[in-house]
Amino acid sequence: MAWNDKGGGPWGAPPGGSGPPRRPPPSDGGSNDFEAILRRVQDWLRDLWPGFDGGRGILAVVAVALLIWLASGIYRVDPNEQAVVQRFGAWVRTESLGLHYHLPAPIETVTTVDVTRRNQTEVGSRNSRESTDAGTMLTGDSNIVELGFVIVWQIRDPVKYLFRVADPTDVLQRAAESAMREVIGQTDVQLALNEGRGQIETSSAAILQSTLDRYDSGIYIAAIQLQRVDPPAPVVDAFHDVQRARAELEQQRNDAEKYRNDIVPRARGEAQKIIQDAGGYKDKTVAEANGEAQQFISVLDAYKLSRDVTARRMYIDTMEAVLTHSRKIVLDPAVAEGKGGVVPYLPLPGLMAPAATPTQKGQ
Amino acid sequence: MAINRTFIFAAISIVIVLLLAVGSFFTVSETEQAIVLQFGAVQRIDRTAGLKFKIPFIQDVVIYEKRLLDLESPPQEVILADQRRLVVDAYAVYQIVDPLRFYQAVRTDEGAKLRLTSSMNATLRDVLGGTTVATMLSKEREGVMQAIRAKVNDAATPLGIVVADVRISRANFPESISQSIYGQMNSERQREAAQFRAEGYEQAQQIKAKADRERTVILAEAKRQADIAHGEGDAQATQIYADAFGRDPEFYAYYRSLDAYRKSLGGEDTQFVLSPNSDFLRYLMHPDLSKLAPAK
């Protein structure tokens with residue numbers, strides 16, 4: 001009766017309600033209260049509908065209420081949703097996009113489920129509500145890694161999702177953790193920390209999907225994404241040292257390759273030079289030989305025309321050239337043989353020394 | 001007031017009828033199953049969803065979950081066949097398939113969870129006691145989990161429960177031995193780092209040595225080609241000389257000798273002692289051409 005003093009009733013002010021605002025009748029307690037309400041409803045209806053009277057009026061109220069109740073079964077399904085309709089709890093149909101009707105509650109009820117949203121569930125993150133070792137896992141070589149990952153999933157079958165598993169997200173997390181531990185348990189620590197991450201993501205997603213399919217959960221695993229994979233704090237340094245050693249290996253190899261890339265092309269250049277030099281020598285030698293041969297042939301041809309004269313000329317030319325620059329002593333054989341009584345004195349040191357004495361020159 | 005009396009009577013009757021109607025019907029959701037009890041004795045089992053009838057006030061309804069339920073066993077330390085210890089926990093996924101047995105055996109979900117948990121703990125100790133860490137860290141893990149599931153399922157059958165799956169989640173070394181694990185990890189990493197460094201040296205030396213060798217080979221090959229070219233040049237030259245000079249060997253000897261004299265004796269350091277009677281100087285003392293003997 002809280003609406004009594006609002007002057008409008010539960011459905012607002014009556015249209016065209018020009019009359020003075022109704023006052024609540026004086027309350028005299030007990031059953032009169034009930035009669036008062038009845039009267040009030042009748043008054044209100046008479047306002048609404050001038051031809052109103054007693055029994056038919058009640059019928060009309062019931063009819064209106066029934067209509068409103070029936071109309072409450074109209075509902076809309078968005079493109080990203082599917083609606084599961086249950087009649088007295090039993091599944092009857094699943095509707096997708098559009099305007100639909102269900103028998104009003106409590107006969108039929110509708111649950112809409114978003115089937116396109118990508119849900120993300122974190123497992124083993126540092127700020128997770130789970131215990132601290134949720135992300136601590138044993139690797140295939142008995143090492144320990146700490147990791148956190150995100151499950152990206154969506155509802156593939158709303159009926160299964162609603163009706164097959166009591167707590168789908170809880171089961172999803174547990175199954176995901178188990179799948180991840182199974183995969184990590186078969187992976188060596190270095191692989192898990194470095195290049196094996198993609199492999200871990202795909203195989204754990206596959207195991208998780210098959211587990212959830214076995215439960216008929218209606219969940220589709222889009223992906224598992226590793227957020228972090230770290231060695232435990234007490235051994236981080238050792239792992240970093242391995243990374244450094246790897247980097248050093250790369251660097252040493254790069255240095256060596258730099259050396260190789262430096263000296264080999266140089267050697268090739270040097271080799272080309274040697275080969276070209278040799279080719280040049282060959283060409284030069286042959287060319288010289290040809291030249292000399294040609295020269296000789298020319299001289300020979302000329303010589304053949306007049307042998308004696310040519311030979312003589314060549315001899316004299318040569319002697320002239322030879323004797324022009326050299327030191328010469330002309331000695332009469334008669335003197336040499338001592339016929340004139342003079343013994344020629346040839347000082348050998350003087351002969352040997354090119355610094356000629358004036359006497360010799362004079363001769 | 002007669003109208004009001006009738007009205008009140010009618011209203012009370014309607015309420016009673018409604019109460020009876022509400023008391024006679026109950027709904028079972030798609031996610032549920034129901035047992036109808038009459039004075040505490042099981043009368044009927046409803047495993048299908050929908051609107052159901054019961055006798056009001058006489059029959060009661062117990063609703064159980066029909067969907068898959070899950071529970072987690074608390075972490076516990078187990079000793080494996082290789083005497084190594086692991087802290088293990090597992091989760092089970094189960095379903096109430098026989099509400100009657102379930103009602104008779106455990107009655108409530110809490111009761112079922114207690115029984116299942118203790119059964120899981122015992123089975124985990126039992127089955128894992130027969131495996132090794134190596135098995136747990138291999139493909140056989142799946143088989144171990146199947147064995148555990150089968151045993152837990154056997155134990156759960158009298159409860160009206162089917163255990164769909166038991167999966168080991170955590171299987172870690174206990175905190176007390178993690179120090180030695182860390183020690184082991186450290187030494188493994190040191191070994192690895194040392195190996196990388198040595199391999200770096202190895203690869204660098206290999207590459208450098210190969211490069212040196214390549215250079216040597218390249219140069220040697222060049223030298224070989226150069227020598228061949230030298231030889232060919234000399235050979236061709238020799239051939240050319242032989243061809244040319246072979247036309248008149250005697251003249252060649254003469255020609256070449258003159259050339260040699262010119263080159264070897266033409267310097268200033270040569271001293272000749274000549275006789276005026278020599279052929280070259282014959283005209284020096286005997287200018288009269290007619291009296292001269294012809295030149296040799």
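Which handedness does the crossing of α4(A) and α6(A) have? The crossing is right-handed; a crossing is right-handed if the near helix is turned clockwise from the far one by less than a right angle, and left-handed if anticlockwise.

This is a predicted model, in which local features need pLDDT of at least 70, side-chain atom pairs count only at pLDDT 80 or more, and totals for chains, interfaces and linings use all residues. Residues are numbered from 1 along each chain as its sequence is written, while chains are lettered from A and ligands numbered from 1 in the order in which they are written.

## The two chains

Helices (H or I, at least four residues) and strands (E, at least two) are DSSP runs, numbered from the N terminus. A residue is buried if 20 or more other C-beta atoms lie within 10 Å of its own, exposed if 12 or fewer, and partly exposed in between, with C-beta atoms placed from the backbone. Two residues are in contact if those C-beta atoms lie within 7 Å.

Chain A holds 11 helices and 10 strands. Its 363 residues are 22% buried. Chain B holds 8 helices and 10 strands. Its 296 residues are 24% buried.

Contact range is given for each chain. In chain A, 65% of the contacts with a separation of 6 or more join residues 24 or more positions apart. In chain B, 65% of the contacts between residues at least 6 apart in sequence join residues at least 24 apart.

## Two helix pairs

Axes are lines fitted to C-alpha atoms, for helices over the stretch in contact, and angles run from 0 to 180 degrees between N-to-C directions.

| Helix pair | Axis separation | Crossing angle |
|---|---|---|
| α4(A) (residues 168–184) and α6(A) (residues 197–214) | within 9 Å | roughly 135 degrees |
| α3(B) (residues 109–128) and α5(B) | 9 Å | about 140 degrees |

The pair in chain B is oblique. So is the pair α4(A) and α6(A). Angles under 35 degrees count as roughly parallel, over 145 as roughly antiparallel, 65 to 115 as roughly perpendicular and the rest as oblique.

Take chain A. The residues of α4(A) in the contact include Leu172(A), Ala176(A), Met180(A) and Val183(A). Those of α6(A) include Ile200(A), Ile207(A) and Leu208(A). By class, the contact has 11 nonpolar, 3 polar and 1 charged residues. Here Ala, Val, Leu, Ile, Met, Phe, Trp, Tyr, Cys and Pro count as nonpolar, Asp, Glu, Lys and Arg as charged, and the others, Gly among them, as polar.

Now chain B. The crossing of α3(B) and α5(B) is right-handed. On α3(B), the contact residues include Leu116(B), Met120(B) and Leu124(B). On α5(B), they include Val144(B), Ile148(B), Lys151(B) and Val152(B). The contact divides into 10 nonpolar, 2 polar and 1 charged residues.

## A sheet in chain A

Two strands pair if DSSP finds at least two bridges between them. In chain A, 3 strands form an open sheet in the order β3-β2-β5, with antiparallel pairing. Its edge strands are β3 (90–95) and β5 (108–114), and each pairs on one side only. Neighbouring strands are turned by 25 degrees against each other on average, direction ignored.

Strand β2(A) (residues 81–87) joins β5(A) through 7 bridges. Thr112(A) in β5(A) is the bridge partner of Ala83(A). Thr109(A) is also found in strand β5 of chain A. It counts as partly exposed, with 17 C-beta neighbours inside 10 Å. Thr109(A) and Arg87(A) are 22 residues apart along the chain, yet their C-alpha atoms are separated by 6.5 Å.

## Where the chains meet

At the interface, 96 residues of chain B are in contact with 91 residues of chain A. Helix α6(B) (residues 178–245) gives the largest share of the chain B side, 39 residues. That side divides into 47 nonpolar, 22 polar and 27 charged residues.

β10(A) (residues 327–330) and β10(B) (residues 271–274) run parallel over 4 bridges. Ile329(A) stands opposite Val273(B) there.

Arg141(B) lies in helix α5 (residues 141–156) of chain B. Is Arg141(B) buried or exposed? Arg141(B) is buried, because 20 other C-beta atoms lie within 10 Å. Leaving aside neighbours within four places in sequence, Arg141(B) is in contact with Glu182(A), Gly185(A) and Met136(B). Thr131(B) is 10 residues from Arg141(B) in sequence and 9.6 Å away in space, C-alpha to C-alpha.
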